[in-house]
Amino acid sequence: MPVKYDLEVEDVGVCPYNVGSYIVDVGNKFMCNCSASRAASAYGAVWGDGVYWYRSDLCGAAVHAGVVDRNGGEVLFTIAGNKNSLGGSRRNGIRSSPGRP
């Protein structure tokens, strides 16, 4: 069961593959855990740089942003709403694409 913290951060447990099911929650903050195996593989596509497209691999985006390393860890994410332009870069061994597919 999700846990609400005093700072209005909802703990969703294990990180979902992407945040597609949370896009209606603009402005809300969530916490999840990227396992070491998910963070180490970071096998999914990532779009953006700092702000990421909602269909990006969440753990891959967290590694790219430097929030967690390949050992995994807790990730805090905020649903930012629609962004017209997203950059791309290579950081922490992850290549992110600009824009969105």
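What radius of gyration would a compact globule with 101 residues have, and what radius does the protein have? A compact globule of that length would have a radius of gyration near 13 Å, and the protein has 13 Å, which agrees. The radius is taken over C-alpha atoms, and the globule rule is 2.2 Å times the number of residues to the power 0.38.

This is a predicted model, in which local features need pLDDT of at least 70 and side-chain atom pairs count only at pLDDT 80 or more, while totals for chains, interfaces and linings use all residues. Residues are numbered from 1 along each chain as its sequence is written, and side-chain values use heavy atoms, with hydrogens and water left out.

**The whole chain**

Two helices and eight strands are present, in the order β-β-β-α-β-β-α-β-β-β from the N terminus. Helices (H or I, at least four residues) and strands (E, at least two) are DSSP runs, numbered from the N terminus. Along the principal axes, the C-alpha atoms fill a box of roughly 35 × 30 × 20 Å.

Of the 101 residues, 36% count as buried. Buried means under 20% relative accessible area, exposed over 50%, and partly exposed in between (1.4 Å probe, protein chains only).

**The nonpolar core**

Select Cys15, Val75 and Phe77, the residues with the most contacts inside the largest nonpolar core, which has 18 residues. Such a core is a set of buried Ala, Val, Leu, Ile, Met, Phe, Trp, Tyr and Cys residues joined through side-chain atoms within 4.5 Å. Strand 3 (29-34), helix 2 and strand 6 (73-78) each supply at least two residues of this core, and helix 2 gives the largest share, five residues.

Centre the view on Cys15. Not counting residues up to four places away in sequence, Cys15 touches Cys32, Asn33, Cys34, Arg38, Leu58, Cys59 and Val75; contact means heavy atoms within 4.5 Å.

**His64 and Asn92**

Move to His64 in helix 2 (residues 58-65). His64 counts as buried because its relative accessibility is 0%. Beyond its neighbours within four places in sequence, His64 is in contact with several residues, among them Gly48, Tyr52, Arg90 and Asn92.

Now select Asn92, in the loop between strand 7 (90-91) and strand 8 (94-95). Asn92 has a positive phi of about 50 degrees although it is not a glycine. With a relative accessible area of 46%, Asn92 is partly exposed.

**Two further loops**

Display its contacts: leaving out residues up to four places away in sequence, Ile79 touches Val19, Tyr22, Ile23, Asp25, Val26, Gly27, Asn28 and Phe30. A C-alpha to C-alpha distance drawn from Ile79 to Tyr54 is 8.3 Å, and the two are 25 residues apart in sequence.

Finish at Ser35, in the loop between strand 3 and helix 1 (36-41). Ser35 is partly exposed, at a relative accessible area of 31%. Ser35 and Asn71 are 36 residues apart in sequence, with their C-alpha atoms 7.4 Å apart in space.
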